[in-house]
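Student: I have a new structure to look at today. Could you take me through it step by step?
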Amino acid sequence: MCIIAFAYKTPALGPLCLLANRDEYYARPALALDFWPDYPQVLGGRDLQAGGSWLAIDTRGRFAAITHIREGRATPAARSRGELVQRFVSGDEDPLAFAAWLKDNAANYGPFNLIFGPVGDLLHFNSRTRALNRIAPGIHVLSNADMDTRWYKSEQLRSKLGTLKRPPVEAEVLPWLMNPEQAPPEQLPNTGVGSALEKMLSPVFIVGRDYGTRCSSVVNVSARGDVSFTEVSYGIGGRESGRRRHLLRIGQLRNPS
């Protein structure tokens with residue numbers, strides 16, 4: 001993913017209400033949202049080039065979502081970051097043990113932010129700082145910097161999510177994820193890619209010549225453990241190419257003691 005906005009353990013929106021866009025090269029093949037044949041309890045999209053995922057949840061309540069950290073032009077890494085989402089959600093590893101493994105193995109992957117854990121006790125790991133933090137209740141936005149960095153597009157989604165008084169239906173929030181408005185020049189971040197590319201990458205919804213928003217996701221988790229997961233896929237030019245919605249039920253949500 002390249003932007004994730006979520007309300008976590010809030011009175012109005014419940015355990016988790018998450019909105020996210022995945023930005024990627026149009027030529028990179030992927031499978032749309034579905035249950036995975038090799039891990040039937042897992043629901044998410046899948047990257048066909050490297051086999052991982054960008055956002056997934058399973059029937060036990062294990063959840064993971066990833067963004068890359070933008071620091072200049074990307075250089076090839078030994079392994080795909082999407083492996084991390086698949087490894088955690090499909091596995092049985094304790095979250096803190098998984099975090100220790102991340103600290104030891106982060107250098108094998110491009111820079112990343114990973115949100116992971118049981119839905120009732122989510123953690124955030126930043127591979128650049130090696131910092132691990134338990135996510136506090138509230139509204140958060142994660143793009144290609146650290147958690148809650150106030151980029152223009154991040155603040156657009158944060159403010160809109162803060163207006164909700166109840167868990168939304170997809171039709172309410174998908175237009176927020178399809179917003180192509182670019183940041184004013186004075187509000188562009190400086191991540192080392194040059195002002196022209198910073199401008200192209202600054203909207204919530206990106207449309208480039210060979211790179212752009214490939215899918216939008218809306219995830220709602222209720223206190224009973226009912227999960228609604230909707231994904232809209234896009235092709236070249238931001239044209240919608242498919243829409244899927246799945247439901248699953250997880251066990252009792254666990255909160256940290």
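Student: Where is glycine 212 found?
Tutor: Glycine 212 lies in strand β11, which covers residues 211-221. Helices (H or I, at least four residues) and strands (E, at least two) are DSSP runs, numbered from the N terminus. Residue numbers start from 1 along each chain as its sequence is written. The model is predicted: local features need pLDDT of at least 70, side-chain atom pairs count only at pLDDT 80 or more, and totals for chains, interfaces and linings use all residues, while side-chain values use heavy atoms, with hydrogens and water left out.

Student: Is glycine 212 buried or exposed?
Tutor: Glycine 212 is buried, since its relative accessible area is 0%. Buried means under 20% relative accessible area, exposed over 50%, and partly exposed in between (1.4 Å probe, protein chains only).

Student: Which residues is it in contact with, leaving aside neighbours within four places in sequence?
Tutor: Glycine 212 is then in contact with Arg22, Asp23, Glu24, Tyr26 and Ile206. Contact means heavy atoms within 4.5 Å.

Student: And how are glycine 212 and cysteine 2 placed?
Tutor: They are 210 residues apart along the chain, and their C-alpha atoms are separated by 10 Å.

Student: Let us turn to threonine 67. Where is its place?
Tutor: Threonine 67 belongs to strand β6, residues 62-68. Its relative accessibility is 1%, so threonine 67 counts as buried. Apart from neighbours within four places in sequence, threonine 67 has contacts with Met1, Cys2, Ile4, Pro111, Phe112, Asn113, Leu142, Ser143 and Asn144.

Student: New topic, the helices. How do α1 and α2 pack?
Tutor: Helix α1 (residues 82-90) and helix α2 (residues 95-105) pack at an angle of about 155°, and their axes are 11 Å apart. That makes α1 roughly antiparallel to α2. Axes are lines fitted to C-alpha atoms, for helices over the stretch in contact, and angles run from 0 to 180 degrees between N-to-C directions. Angles under 35 degrees count as roughly parallel, over 145 as roughly antiparallel, 65 to 115 as roughly perpendicular and the rest as oblique.

Student: Which residues meet there?
Tutor: From α1, Leu84, Arg87 and Phe88 meet Pro95, Phe98, Trp101 and Leu102 of α2. By class, this contact has six nonpolar, no polar and one charged residues. Here Ala, Val, Leu, Ile, Met, Phe, Trp, Tyr, Cys and Pro count as nonpolar, Asp, Glu, Lys and Arg as charged, and the others, Gly among them, as polar.

Student: How many residues of α1 are buried?
Tutor: Seven of its nine residues are buried, so α1 is largely enclosed by the rest of the structure. Those residues are Gly82, Leu84, Val85, Gln86, Phe88, Val89 and Ser90. Their cover includes β4 (42-47), β5 (55-58), β6, α2 and β7 (112-118).

Student: What about α3?
Tutor: Helix α3 (residues 152-161) is mostly covered, with seven of its ten residues buried. Among the buried residues of α3 are Tyr152, Leu157 and Leu161. The cover of the buried residues in α3 includes β1 (3-10), β2 (14-25), β10 (138-142), α4 (170-177) and α5 (195-201).

Student: Finally, the whole chain. What does its secondary structure come to?
Tutor: The chain has five helices and 13 strands. Of its 257 residues, 55% count as buried. The C-alpha atoms fill a box of roughly 45 × 40 × 35 Å, taken along the principal axes.
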